Amino acid sequence: MGITTIATKPVRVAVASLAGLGIAGGIAVAADAATGTIKTSGANLTVRKGPGTGYAAVGTIAKGTKVTISCQTTGSTVRGTYGTSNIWDKIGTGRFVSDAYVYTGSDGRVAPKCGTGGSTGSTTPSGIIGNDYPYSGQTSGVDPWNFYKGQCTSFAAWRARSVKHVSFTNSYKGQHWGNANHWDDAARAAGVTTSSRPHVGDIAQSDAGSYGHVAYVAKVNANGSFVVEEYNWANPEHYGTRTTTVGGAHGQFDTFIRF
């Protein structure tokens, strides 16, 4: 039996400041923009287009850099210098960093919620995100959401979780989602919106073939065609992108699940 060690993490002592916190009844509450300092082990911190690791990288920022946080929102969970957090700090237009790497003086919120008080958050990214699937190259075993790694269902589950911030698993909302050809039925039974037309961020679904297929809608074109990101289509158990259309034929999709 191995020995389990518990790592300690730096503590951000809560300190109210006029710039970042208001005081109501002796309790610090987020009010205006706040400031923070990037704290990493030494490497530059990746800046994302939106609040999550599923969004495209738009740059990096060095350790020790002071940043202004206009607002905060929730996104994908990250483990960093200050433990595990799903809070993301907006430090510019289309620029977000994980709060797990930012010293703010508090482990909670220090700035307004994005989308309130005049501050705006981000929307689902439009365009190809890229192969950020955490199990890329793995062709056996089950992912943490109970789908087989390298399959279209596992990748679609990753997109639903990392981009749409849905706590999606193979038993989401009490349904067994299973193979891709069952996802449309499971979505309806779970009360998840389905549509016959694609929107960016949808999970495209088809019943065609033995097991069906699911993919992530990355872009919708003016002519009605759309671009998907997917696994296990053109290259078995590998990532790919392609442009396709609405329909029931092989390679097309006719249901779009909107988490």
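Predicted model: local features only at pLDDT ≥ 70, side-chain atom pairs only at ≥ 80, totals over all residues.
The protein contains two helices and 16 strands. Of its 259 residues, 44% are buried. Among contacts with a separation of 6 or more, 52% are between residues 24 or more positions apart. The accessible surface of the protein amounts to about 12,500 Å², and carbon and sulfur atoms account for 51% of this surface.

Strands of a sheet pair through backbone hydrogen bonds, in either a parallel or an antiparallel sense. An open sheet is formed by three strands in the order 6-3-10, with antiparallel pairing. Its edge strands are strand 6 (66-69) and strand 10 (102-103), each of which pairs on one side only. Strand 3, made up of residues 34-38, runs antiparallel to strand 10 and is joined to it by two bridges. Within this pair, Thr37 stands opposite Tyr103 of strand 10.

Strand 16 (residues 255-258) takes part in two further pairings described here. Strand 11, covering residues 193-195, is antiparallel to strand 16, and three bridges join the two. Thr193 has Arg258 of strand 16 as its bridge partner. Strand 12 (residues 203-206) also pairs with strand 16 in the antiparallel sense, again over three bridges. In this pairing, Gln205 is found opposite Thr255 of strand 16.

Thr244 belongs to strand 15, which spans residues 239-244. The relative accessibility of Thr244 is 7%, so this residue counts as buried, the cut-off being under 20% relative accessible area. The side chain of Thr244 reaches the backbone oxygen of Gly251 at a distance of 2.8 Å. When neighbours within four places in sequence are set aside, Gly251 is also listed among the contacts of Thr244.

Ala218 is located in strand 13, which comprises residues 213-220. With a relative accessible area of 0%, Ala218 is likewise buried. Gly201 lies 17 residues from Ala218 along the chain, and the C-alpha atoms of these two residues are 6.4 Å apart.

Definitions and conventions: Residues numbered from 1 in each chain as written. Heavy atoms only, no water. Helix = DSSP H or I, 4+ residues; strand = E, 2+ residues; numbered from the N terminus. Buried < 20%, exposed > 50% of the residue type's maximum accessible area, 1.4 Å probe, protein only. Polar contact = N/O pair within 3.5 Å; in protein donor to acceptor, adjacent residues only side chain to side chain. Contact = heavy atoms within 4.5 Å. Pairing = 2+ DSSP bridges. Areas by Shrake-Rupley, 256 points an atom, 1.4 Å probe, with all protein chains shown as cover.
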